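Walk through this model with me.

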Amino acid sequence: QVWVENMMRSPNASNLKVSSDANNSGKKKTGLAIIYSLLLPGMGELYAESYSSGKYFTIAEGALWGVYIGMNTYAGWQKDKYRSFAASNGGVSTAGKKDDYFAEISIYNNIDEYNDSKALEGDFAAMYEPRQYYWSWSANDRKRYRSLWVSSEEAYNNVRFVVGALILNRIASAINAVRLV
């Protein structure tokens with residue numbers, strides 16, 4: 001700032017219009033870098049004028065969203081498959097059934113076996129009404145159904161890891177952007 005003031009006093013500096021605010025206007029704000037990185041990883045680095053490292057966060061973000069969409073779609077397909085399989089091979093009416101029901105029918109061969117188990121446990125409220133919640137598997141069909149159901153559940157669980165990776169990517173980008181600012 002002293003240098004700028006001396007330049008302003010010198011006779012050769014009459015055409016220079018430099019104010020003491022010029023030094024502060026070029027300074028980047030860490031808060032903005034954080035917000036930008038949290039919105040879109042790599043954007044904070046772009047704000048800090050160092051996108052060479054930020055591009056990797058942006059690329060990772062795009063790849064993670066692709067994985068998220070792909071895994072979520074696959075899990076949905078598997079869910080449709082196990083529900084269709086239950087309807088065609090187990091005699092299940094899928095309308096109005098909750099996810100817990102589809103988990104339970106993968107464990108028991110039929111509704112009578114399930115209801116007997118719940119009665120022995122004394123959990124009468126958990127018993128199903130046989131006409132509305134009927135199912136009956138052959139041993140092989142129940143194993144096949146269980147495999148389809150587990151595949152869908154694993155895919156949905158893996159989606160959670162991708163969401164975690166998306167969050168970590170934002171945090172890492174924000175830290176890097178702050179470091180660069």
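Which residues in α3 meet α8, and which residues in α8 do they meet? Keep in mind that this is a predicted model. On the α3 side, the contact holds Thr-30, Ala-33, Ile-34, Ser-37, Leu-38 and Leu-39. On the α8 side, it holds Arg-170, Ser-173, Ala-174, Ala-177 and Val-178. Sorted by class, the contact of α3 with α8 has seven nonpolar residues, three polar ones and one charged one.

Now the geometry of the pair. Helix α3 covers residues 30-39, and helix α8 covers residues 139-180. Their axes come within 8 Å. The crossing angle is roughly 155°. Angles over 145 degrees count as roughly antiparallel, so α3 and α8 are roughly antiparallel to each other. The handedness is set too: α3 passes α8 in a right-handed crossing.

Next, the fold around this pair. The protein has eight helices and zero strands. Read from the N terminus, its elements run α-α-α-α-α-α-α-α.

How far apart in sequence are the residues that make contacts? Take the contacts between residues at least 6 apart in sequence. Of these, 64% join residues at least 24 apart.

Last, burial and surface. The protein has 181 residues, and 30% of them are buried. Buried here means under 20% relative accessible area. The accessible surface of the protein comes to about 11,500 Å². Carbon and sulfur atoms account for 57% of that surface.

How values were computed: Residues numbered from 1 in each chain as written. Predicted model: local features only at pLDDT ≥ 70, side-chain atom pairs only at ≥ 80, totals over all residues. Heavy atoms only, no water. Axes fitted to C-alpha atoms, helices over the stretch in contact; angles between N-to-C directions. Helix = DSSP H or I, 4+ residues; strand = E, 2+ residues; numbered from the N terminus. Parallel < 35°, antiparallel > 145°, perpendicular 65-115°, else oblique. Left-handed = near helix turned anticlockwise from the far one by under 90°. Contact = heavy atoms within 4.5 Å. Nonpolar A, V, L, I, M, F, W, Y, C, P; charged D, E, K, R; others polar. Buried < 20%, exposed > 50% of the residue type's maximum accessible area, 1.4 Å probe, protein only. Areas by Shrake-Rupley, 256 points an atom, 1.4 Å probe, with all protein chains shown as cover.
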